[in-house]
Amino acid sequence: MSEESKEAVKVPTMEQLEAELKKEKYKRNYGKVLRSTAFSLLVVAAASVLVAVLLLPVLQINGTSMTETLQDGDVVVAISNSRFKTGDVIAFYYNNNILVKRVIAGAGDWVDIDDEGNVYVNGELLDEPYVAEKSLGNCDIELPYQVPDGKCFVMGDHRATSIDSRSTAVGCISESGVVGKIMFRVWPLEEIGIVN
């Protein structure tokens, strides 16, 4: 080999080889960490979606049927598959929408409402501190009314404007159609807390 061809082919030094090897190892490790992080984020996102949809649905309140308890625009969290009782606020499916109302009576109970809007269940006047203004509202059912099996009777807290079980348009709610019991308000921040 001539001197010129030896000069044209430069042999890297040991330090250059070690530096190049270090760079390649860094690239390979960086790729592994990046793939691992992306996979972890994907798993966390999928788990979050499952929890939000199946266990803790997050809902935004639209309308005024639940004022003073809930306002238009509030964001609430429901607990799926929870037991609910008279007085609980629940979310349920109605005509491809989710409505939020308060449980007034369960299956087999008799509901009666007088002209002033006082609600009686099985002959006893309900204590309803959550209702600011009582009203008979949009009531076209025959009173007293017995709640059918597997159903519950619901009413909004703003009785004058709420369309609920007092109307044949909505009627009683099937227990299987309940999305969950409303437990927490998460928005607005100054109102954050338990919904009762």
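The following legends describe close-up views of one predicted protein model.

Residues are numbered from 1 along each chain as its sequence is written, and side-chain values use heavy atoms, with hydrogens and water left out. Because the model is predicted, local features need pLDDT of at least 70 and side-chain atom pairs count only at pLDDT 80 or more, whereas totals for chains, interfaces and linings use all residues.

**Figure 1. The protein chain has 2 helices and 12 strands.** Helices (H or I, at least four residues) and strands (E, at least two) are DSSP runs, numbered from the N terminus. Read from the N terminus, the order of elements is α-α-β-β-β-β-β-β-β-β-β-β-β-β. The chain has 196 residues, and 33% of them count as buried; buried means under 20% relative accessible area, exposed means over 50%, and partly exposed lies in between (1.4 Å probe, protein chains only). The accessible surface of the chain is about 12600 Å², with 57% of it belonging to carbon and sulfur atoms. Accessible areas come from the Shrake-Rupley method with a 1.4 Å probe; for residues, only the protein chains shown count as cover. Of the contacts between residues at least 6 apart in sequence, 58% join residues at least 24 apart; a contact means heavy atoms within 4.5 Å.

**Figure 2. Strand E2 pairs with strand E1 and with strand E11.** Two strands pair if DSSP finds at least two bridges between them.

**Figure 3. Six residues form a nonpolar surface patch, namely Phe184, Val186, Trp187, Leu189, Ile192 and Ile194.** The area of this patch is about 610 Å². Patches are made of residues with over 30% relative accessible area and no salt bridge; like charges are joined within 9 Å, and nonpolar side chains (Val, Leu, Ile, Met, Phe, Trp, Tyr) within 5 Å. Strand E11 (residues 178–187) gives the most to the patch, with 3 residues. Ile192 lies in the loop between E11 and strand E12 (193–194), and this residue counts as exposed because its relative accessibility is 53%.

**Figure 4. Lys23 and Glu20 form a salt bridge.** A salt bridge is a side-chain nitrogen of Lys or Arg within 4 Å of a carboxyl oxygen of Asp or Glu, and the structure holds 7 of them. In this pair the closest N and O atoms are 3.8 Å apart. The two residues are separated by about one helical turn, because they are 3 residues apart in helix H2 (residues 14–55). Lys23 is partly exposed at 48% relative accessible area, and Glu20 is partly exposed at 40%.

**Figure 5. Lys181 and Asp88 form a salt bridge between distant parts of the chain.** The closest N and O atoms are 3.5 Å apart. Lys181 belongs to strand E11, while Asp88 lies in the loop between E2 and strand E3 (89–94), 93 residues apart from Lys181. Both Lys181 and Asp88 are buried. A network of salt bridges links Lys85, Asp88 and Lys181.

**Figure 6. Glu128 and Arg159 meet in a salt bridge of 2.7 Å, N to O.** Glu128 lies in the loop between strand E7 (124–125) and strand E8 (145–146), and Arg159 in the loop between E9 and E10, so the pair ties together parts 31 residues apart in sequence. Glu128 and Arg159 are both buried.

**Figure 7. Asp164 is a buried loop residue.** Asp164 lies between strand E9 (151–155) and strand E10 (173–174), and it counts as buried because its relative accessible area is 0%. Its side chain makes a polar contact of 2.8 Å with that of Ser162. A polar contact is a pair of N or O atoms within 3.5 Å; within protein, one must be able to donate a hydrogen and the other to accept it, and residues adjacent in sequence count only if both atoms are side-chain atoms. Beyond its neighbours within four places in sequence, Asp164 is in contact with residues including Lys101, Val154 and Val170.
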